[in-house]
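Please look through the structure below, and then work through the questions and answers that follow it.

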Amino acid sequence: MGKINVLEKQVAELIAAGEVVERPASIVKELVENSIDAGAKNITVEIKGGGVQYIRVTDNGSGIEREDVANAFLRHATSKVRVEEDLGNIRTMGFRGEALASIAAMCRVDLLTRTQADVTGTLYRIDGEETYLDDAGCPVGTTITVRDVFYNTPARMKFLKKDVSEGNSVAAAIEKAALAYPQVAFKFLRDGMVKLQTPGDGKLLSAVRCVLGKEFADNAIHVSYMEGINRVDGLICKPSIARSSRSMQNFFINCRYVRSKTCMAALEESYRNSIMVGRFPSCVLNVTIPPYAVDVNVHPAKIEVRFADERSIFNLIYYGCKTALGTQDIQPQIKADE
Ligand code: ADP
Ligand code: MG
């Protein structure tokens, strides 16, 4: 008899879910991105027990129509992509239609939602194979409550760290979102205590002050630089407050937080000679490039991206920061010609 089994649907579902939902922070990231995609101006995140026990995300976005509620939890069900060509032109944070399906496969979920057009809201509950739908009063927007993360996947539960460190990762995910979206007011409560609150006044400096603190905010330099259709905007620090780690380097591509060696190298190169070896600049930089110039579909959590033209991104950040630092050298080849 052959050795290859075609996995049962439920087993396959858990494997797929595991790629999207690694820990409570990945759940929060996905839910917050959905709120942003729904046009929310206020997003509140509450967690208990590091998020393993309880996560609730409340937004005042568009809400979900009742007839779409159950579909939103199906795998590959999304309102954001229709045809293959759309994948080359992604303008939303989500697009795979996998987050809600994955979360519901591994946790107990309650969704409460109402659109402007609906008089009554909808409550939808998923607990394993069981679902429940009913009328419920609620304001326009969506609240998703997630309980008992990984209750049905003990193998994965074992890999969770202590509540404190899971909670810290959740906080980090919210901080990135708050920096990327200064026009959204974020509030984060951890075990009943308010840990972060941003005004949502649209000013990056306000968000930076709340998230990264007074020292950076008081010593920030504006970056705003264009090269062709690409641009970079944000804040970098004065060389005098460079730090001993890279923990305050925040790069975003089209408002999506990314880890990128190219961006990091370009930033640090622009500070060369103005800070000591072993010190690192802080930044919050958002690169705006056409969606087709970047592939965000290379990493399950979309944290790593691939640029069509790596060099142009390096130059954009390098010259953008150099200009802002006021130390841009005269092009060496022009000098040579003289
Ligand atoms: P994706 O974000 O990739 O589309 P998700 O599984 O995260 O996939 O969400 C599925 C769908 O559910 C979304 O496309 C959207 O239509 C709807 N949805 C999810 N969260 C919200 C929300 N907070 N507000 C409004 N609609 C939502
Ligand atoms: Mg999503």
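**Sheet and domains**

Asp-110 stands opposite Arg-125 in β4. This is a predicted model, in which local features need pLDDT of at least 70 and side-chain atom pairs count only at pLDDT 80 or more, while totals for chains, interfaces and linings use all residues. Residues are numbered from 1 along each chain as its sequence is written, and chains are lettered from A and ligands numbered from 1 in the order in which they are written.

Q: How many bridges join strand β3 to strand β4?
A: Strands are DSSP runs of E with at least two residues, and helices are runs of H or I with at least four, numbered from the N terminus. Two strands pair if DSSP finds at least two bridges between them. Strands β3 (residues 108–114) and β4 (residues 121–127) run antiparallel, and the number of bridges joining them is 5.

Q: Which are the edge strands of the open sheet?
A: The open sheet has 8 strands with mixed pairing, in the order β5-β4-β3-β6-β2-β1-β7-β8. An edge strand here pairs on one side only, and the two that do so are β5 (130–136) and β8 (193–197).

Q: Which helix gives the most to the side of domain 1 that touches domain 2?
A: An automatic or database domain assignment sets the bounds, dividing the chain into domain 1 (9–197) and domain 2 (213–325). Counting residues as in contact if their C-beta atoms, placed from the backbone, lie within 7 Å, 13 residues of domain 1 are in contact with 13 residues of domain 2. On the domain 1 side, α1 (9–20) and α6 (163–180) each supply at least two residues, and the helix that gives the most, with 3 residues, is α6.

Key. Two residues are in contact if their C-beta atoms, placed from the backbone, lie within 7 Å.
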